[in-house]
Amino acid sequence: MLELIIEPMQYGFMQRALLVSALAATACGVVGTFVVLRGMAFLGDAIAHSALTGMAAAFLFGANIFLGALCWAVPASLAISLISRRSGIRLDAVIGVLFAGGFAVGVILINASENYAGDLMSILFGNVLGASWGDVLAVGLLAGGVLLVVRLLYKELVFTTYDSAVAEASGLPVRFLEYLLPLLVALTTVAALKTVGNVMVMSLLVVPAVTGSLLARRMATMMVATVGVALAAIVIGLYLSFHFNLPTGPAIVVVSVALLLVTVVVSPKRWTLLARLRRQSSPDALVEAE
């Protein structure tokens, strides 16, 4: 049993994969908490899919696709809030347009390359086992920057998340924060692209946060639980991928969803709700109601 745990870590590619995935998962867990509480789950998916345009353009011209994704995702995330605010179009509609348009243009650009099939799979579903130390550094810088911003503006982000109207009345820069959160989502999304790829990046951003919301009541505790769930999914997914020759990104996503399903069954919130319903439907409660 111990050998099954130790053996994978003897390989450099597994060490780099675990490190880059852990960095991405930590950033996703922290930002994902705000995304889920604010009902912005679709935003991360839209940014990830639209970033395919930047990745494809970089791939086509022989540049770093990681940098290409970053150069596209950051302006796109800011454009979402700007267009919605200036035009009056609903935010979800703007996100939907970005999702469809960016992904379509990206596929067209990739198709312009003669030998793209293998690289397309890597872009869409990730290739964390091929991570270099340069990738580790890049993801570490992105994740570190995101965590630093959240740490410095934690109270403001929490206040705006729960009640933006009261936050604005209290003098907080709500408009700035409304642009900042999509930007953090974009940076986090790019950081996670290497781990689970373009298609499934939302799973790492949203699923652990949903699980964390079932395990904790307070914001800080939920954030810690979310990061813990994300890290657990990363570690288990990587080991399953190594021992059973599974695609790494999908394995991580399946584990993440499985942890959510288990949590739904054993969640303290669920049992509290069931206990409350039982009390309300008990004979004594019915007599009191009468």
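Me: What makes Arg85 count as partly exposed?

Reply: Happy to start there, keeping in mind that this is a predicted model. The relative accessible area of Arg85 is 36%. Buried would need a value under 20% and exposed one over 50%, so Arg85 falls in between and is partly exposed.

Me: How do you know that Glu178 and Arg85 meet in a salt bridge?

Reply: The N to O distance between their side chains is 2.4 Å. The cut-off is a side-chain nitrogen of Lys or Arg within 4 Å of a carboxyl oxygen of Asp or Glu, so the pair qualifies. A search of the whole structure finds one salt bridge.

Me: What makes this pair a link between distant parts of the chain?

Reply: Glu178 sits in helix 10 and Arg85 in helix 4 (residues 65-87), 93 residues apart. As for Glu178, its relative accessibility is 26%; that lies between the 20% and 50% limits, so Glu178 is partly exposed.

Me: Why is helix 10 called mostly covered?

Reply: Of its 23 residues, 19 are buried, and buried means under 20% relative accessible area.

Me: How do you know that the length of helix 10 is close to what is expected?

Reply: Helix 10 (residues 174-196) reaches 32 Å from its first C-alpha to its last, against the 33 Å expected at 1.5 Å a residue. There is also a bend of about 25 degrees at Val190, and just after the helix Gly197 takes a positive phi of about 85 degrees.

Me: Why is the pair of Tyr11 and Phe13 called tilted?

Reply: Good one! The ring centres are 5.6 Å apart, which is within 6.5 Å, so the rings pair. Their planes stand at 40 degrees; under 30 would be stacked and over 60 edge-to-face, so the pair is tilted. The structure has two aromatic pairs by this rule.

Me: What makes Tyr11 and Phe242 a tilted pair?

Reply: Here the values are 5.8 Å centre to centre and 40 degrees between the planes. Tyr11 lies in the loop between helix 1 (2-6) and helix 2 (12-37), while Phe242 lies in helix 12 (residues 219-244), 231 residues apart. Ring pairs link Tyr11, Phe13 and Phe242 into a cluster.

Technical notes:
Residues numbered from 1 in each chain as written. Predicted model: local features only at pLDDT ≥ 70, side-chain atom pairs only at ≥ 80, totals over all residues. Heavy atoms only, no water. Helix = DSSP H or I, 4+ residues; strand = E, 2+ residues; numbered from the N terminus. Expected span 1.5 Å × (residues − 1). Bend = angle between axes of the 7 residues up to and from the residue. Buried < 20%, exposed > 50% of the residue type's maximum accessible area, 1.4 Å probe, protein only. Phe/Tyr/Trp six-rings, centres within 6.5 Å; stacked < 30°, edge-to-face > 60°.
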